[in-house]
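Please keep the sequence and the structure in view while reading.

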Amino acid sequence: MQTALCTVFVQHTSASLVIQENADPAVRRDLARWMADLAPESRHWEHDDEGPDDMPAHARSALTRTSEVIPVVDGRLALGTWQGLYLWEHRARPQLRRLVVHVQGE
Amino acid sequence: MQTALCTVFVQHTSASLVIQENADPAVRRDLARWMADLAPESRHWEHDDEGPDDMPAHARSALTRTSEVIPVVDGRLALGTWQGLYLWEHRARPQLRRLVVHVQGE
Amino acid sequence: MQTALCTVFVQHTSASLVIQENADPAVRRDLARWMADLAPESRHWEHDDEGPDDMPAHARSALTRTSEVIPVVDGRLALGTWQGLYLWEHRARPQLRRLVVHVQGE
C-alpha cells in the first residue's frame, strides 16, 4: 500500500504505546523514572490484586496510549527521523503482550 | 463489516476516553483519586469561569484521550479480554456528552 | 469527502497535539504552567544534550498525543463547539515542525 493509515493497538491495560526518541536510550530511562514518580508503587492503591506494580501499571497506561495511528506515505510509515514506536511494559516482570496492527489504504 | 477501524470521538474538552480494566471497579476509583491529585481543584487556576472543577477537567482531558481507535477483526472490536472503553467525566456534576462513532472498512 | 477520517500526525517527539478549549486563552496558559510542574526543567534528567528543556519536552509529549484522529461528517471535521486542535510546542525556543494530514473516506 502506498497511501494508508496504520493503527497499532495493544490489547492490555497495563502496557501501552508511545512514539518517542529513537536515538539516545537515556530518554527511555528518564521517561521510566519520571513515570514511576508520577504513578508510584508507594501510593496507597485500593486495587492491588496482582501486587504493588498492578495499579501503577494501569495508571501509567491511562496517561499514555492504547493505540498509535501513523500515516503511510509512499509505502512507508511517515515517522519523523527521530521517532520510534515503543511498547511500554508497565508491570515489574516480563509479560506476554498482544498487539493488533491494522492497515487500511491503497 | 468484518475488517475495519472503529473510531470513537468525544466532542468535549472536559470529558475524555480511556480504555481500562473492565473487571474490578476499584481500578476506576483508584484512577479517579490519582487523577484528582495530578490535576487538583486546590491548585490556583487562572481559568475558573465555571467553578473550581472547570480547569482540572480540561487538564485531566489533556492527559487522556479525545479519541480512541480500535481495530475490528472478524466483525468484532479487537479489545483484549480485560479492556473496556470508558467515557471519563471530569466535571463534578453530570453533563450531557456527545460522542461520534466512525467505522470504516469492509 | 463527506464521511471520512482525518488523522493529524506530528513528526516530532518534543512537540505534540491536543484538542482543547478554543475560546479562553487562559486555558492554554493554565495547561502550560501545570504541565511545566508535571515535567519540570528543575528535575534531574539524564538526557540533556540540547539543554534543560530537552527532556521535559519529551516527557510532555509522552503525556499528550503524537496523532489526533477526527471524524469528518457531512464534509466537515466533527469537532465540538468548543474544541480546537493545537500543536503544543514543548521546547523553550521556536522550532520548525512538520505535520502529516491524512484523510480517508468518501
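Predicted model: local features only at pLDDT ≥ 70, side-chain atom pairs only at ≥ 80, totals over all residues.

Over all chains, the count comes to 24 salt bridges.

*Within chain A*

- Asp53(A) has a relative accessible area of 10%, so it is classed as buried, the limit being under 20%.
- Arg91(A) is likewise buried, with a relative accessible area of 13%.
- Glu89(A) and Arg97(A) form another salt bridge, in which the closest N and O atoms are 2.7 Å apart.
- Glu89(A) is partly exposed, at 26% relative accessibility, whereas Arg97(A) is buried, with a relative accessible area of 17%.

*Between chains*

- Arg33(C) and Glu46(B) meet in a salt bridge of 2.7 Å, N to O.
- This pair crosses between chains, from helix α1 of chain C, which holds Arg33(C), to the loop between α1 and α2 of chain B, which holds Glu46(B).
- Arg33(C) is partly exposed at 40% relative accessibility, and Glu46(B) is partly exposed with a relative accessible area of 33%.
- A network of salt bridges links Arg29(A), Asp30(A), Arg33(A) and Glu46(C).

**Aromatic pairs**

- The count comes to three aromatic pairs over all chains.
- In one of them, the rings of Trp34(A) and Trp45(C) have centres 6.2 Å apart and planes at 55°, so the pair is tilted.
- The pair crosses between chains: Trp34(A) is in helix α1 (residues 25–38) of chain A, and Trp45(C) is in the loop between α1 (25–38) and α2 (54–63) of chain C.
- Trp34(A) is buried at 2% relative accessibility, and Trp45(C) is buried at 6%.
- The rings of Trp45(B) and Trp34(C) also form a tilted pair, with centres 6.3 Å apart and planes at 55°.
- Because Trp45(B) lies in the loop between α1 (25–38) and α2 (54–63) of chain B and Trp34(C) lies in helix α1 of chain C, this pair joins two chains.

**Charges over rings**

- The charged end of Arg43(B) sits over the ring of Trp45(B), 5.3 Å from the ring's centre.
- In chain C, the charged end of Arg43(C) sits over the ring of Trp45(C), 5.3 Å from the centre.

**A strand pair in chain C**

- Strand β2 (residues 15–21) of chain C is mostly covered, with seven of its seven residues buried.
- β2(C) pairs with strand β5 (residues 83–89) of chain C in the antiparallel sense, over seven bridges.
- Leu85(C), in β5(C), is the bridge partner of Ile19(C).

Note on methods
Residues numbered from 1 in each chain as written. Chains lettered and ligands numbered in written order. Heavy atoms only, no water. Buried < 20%, exposed > 50% of the residue type's maximum accessible area, 1.4 Å probe, protein only. Helix = DSSP H or I, 4+ residues; strand = E, 2+ residues; numbered from the N terminus. Pairing = 2+ DSSP bridges. Phe/Tyr/Trp six-rings, centres within 6.5 Å; stacked < 30°, edge-to-face > 60°. Lys NZ or Arg CZ within 6 Å of the ring centre and 35° of its normal. Salt bridge = Lys/Arg side-chain N within 4 Å of Asp/Glu carboxyl O.
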